[in-house]
Amino acid sequence: MPSSTRPLSSGGPDAPAGPPATVLVGRAVVHGRLQPVEIAIDEDGWIQSVGRVRSGRVRHDVGDRVIVPAATDLHVHLREPGGAGETIAAGTVEAAYGGVGLVGEMPNTEPPVTSLDRLEEKEAKVRGRAAVDVLLYGLPTSPRSVADLARRAGAFKLFLSPTTGIADPPTAEARDGILRAIAETDLPLAVHAEDPGAFDDRVDAADPVEWNAHRPPSAEAQALQLLARAPSTVRLHVAHVTVPDSVPRLRSEGRSFEATPHHLLLSARPGADARFKVNPPLRSEVDRAALWAAFCRGEVPCLASDHAPHPAETKQLRFDRAPSGMPGLETALPLMLARVRAGDLPLEVLLRAACDRPARWLGQPIGRIAPGHRANLLVVDFRERRRLHARGLHAPCGWTAFEGHEAIFPVEHWRDGVAIVRGGEYVGATDGRVVAPEFSPRSRAERSVRA
Ligand SMILES: [Zn+2]
């Protein structure tokens with residue numbers, strides 16, 4: 001990574017190496033092998049070196065626990081402004097507990113983030129209130145709004161179908177213009193890929209099985225067909241892939257994509273209540289198992305939660321009236337760490353999907369234990385398995401669709417070389433930053449001011 005992408009005050013590999021401020025001692029996956037490591041962290045919270053370190057003002061030894069990079073959750077709905085219950089402050093504390101150091105906050109709030117003014121209003125809500133770093137998506141409604149939003153946005157989101165806060169997704173014609181404009185900005189674009197043309201309106205959905213029939217797997221296949229026409233220069237990422245066939249297809253097209261813990265671990269069960277209503281729907285057990293197998297083989301580049309913390313009372317409504325979506329920011333990584341402990345999922349595959357690849361897509365120097373990366377790290381004790389219960393979680397919505405599932409929460413979470421979770425308790429400050437990709441117009445402008 002070129003040194004120009006780091007803040008001027010940072011150390012990093014090219015800076016004169018002063019004594020590290022902190023040396024973190026434990027075990028980590030380095031060169032594909034879990035081995036003892038000493039991680040030297042400089043004054044500004046950057047990883048200076050990984051290897052034997054002679055001195056350091058503070059040595060913090062975590063014994064045989066495992067140090068991993070903090071995760072990036074690139075798909076989160078904190079619903080502020082306008083949402084009931086959750087806030088940016090509460091959501092980023094959930095992230096801290098769940099081992100997520102960067103939250104990609106979606107723009108379909110009330111009002112939606114469709115202009116530079118709205119983006120700046122949302123930035124103001126993050127400043128001084130966020131426990132972890134936040135990257136803000138913009139919601140383009142026209143090619144002109146793309147240029148406006150690109151000045152400060154971290155990424156774009158495009159919906160092909162109606163969803164919470166989006167009654168009218170752009171028409172096909174408007175969409176092509178927006179895609180061309182986004183290609184010119186260089187910013188990443190995440191797409192909710194369901195083609196409403198494939199929805200079956202005759203189905204009166206009363207449970208997740210019928211919801212899956214109403215918004216069938218073919219809606220995803222058709223949406224991918226539409227997206228295949230997007231300019232190849234767009235940094236396209238397909239949100240919440242649910243259909244096993246989409247995996248080889250997107251891989252062959254060289255596109256980034258994600259799967260969510262709920263599509264990987266839960267399937268559509270007859271008679272299940274509206275907590276299990278989500279878009280795209282939970283699929284059949286056969287589809288779920290095939291998607292999970294592909295994920296465990298490392299064929300799904302990114303893990304993301306699609307955290308949608310609807311208040312419990314709205315999810316107690318009749319299935320057809322309840323909103324779609326479920327909370328998951330705090331539980332995504334812990335659920336997966338438990339699958340690693342169970343032997344289903346290789347740790348390296350998980351770390352690539354949860355930490356490295358989402359950070360690369362969003363142009364962030366995090367997600368790896370290597371010099372030149374920020375010391376956003378977790379300490380995991382694989383012996384500390386527990387069963388998930390909503391009352392043990394921190395989301396104001398107070399419910400989880402993963403009740404009773406096994407999870408392993410990080411015992412420590414470090415942000416920029418400072419512990420924000422220690423002994424499983426949040427001890428951080430609310431000084432999370434608003435970040436943008438290093439290749440974004442915003443970062444380029446900020447670098448030229450500093451130079
Ligand atoms: Zn979403």
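Me: How many aromatic pairs does the structure hold?

Reply: This predicted model holds 3 aromatic pairs. Rings of Phe, Tyr and Trp (its six-membered ring) pair if their centres lie within 6.5 Å; planes under 30 degrees apart count as stacked, over 60 as edge-to-face and the rest as tilted. Local features need pLDDT of at least 70, side-chain atom pairs count only at pLDDT 80 or more, and totals for chains, interfaces and linings use all residues. Residues are numbered from 1 along each chain as its sequence is written, and side-chain values use heavy atoms, leaving out hydrogens and water.

Me: Why is the pair of Trp 211 and Phe 319 edge-to-face?

Reply: A pair of aromatic rings is described by the distance of the centres and the angle of the planes. Here the centres of Trp 211 and Phe 319 are 6.3 Å apart and the planes are at 70°, so the pair is edge-to-face. Trp 211 and Phe 319 are both buried (buried means under 20% relative accessible area, exposed over 50%, partly exposed in between, with a 1.4 Å probe and protein chains only).

Me: How are Trp 292 and Phe 295 arranged?

Reply: Trp 292 and Phe 295 are stacked, at 5.9 Å centre to centre with 20° between the planes. Phe 295 is buried, its relative accessible area being 0%, and Trp 292 is buried at 12%.

Me: Which residues coordinate the zinc ion?

Reply: Donors are N, O and S atoms within 2.8 Å of the metal (3.2 Å for Na, K and Ca); water is not among the atoms, so sites may look incomplete. In this model, His 75 (NE2), His 77 (NE2) and Asp 306 (OD) coordinate the zinc ion at 2.0 to 2.1 Å. Both His 77 and Asp 306 are buried.
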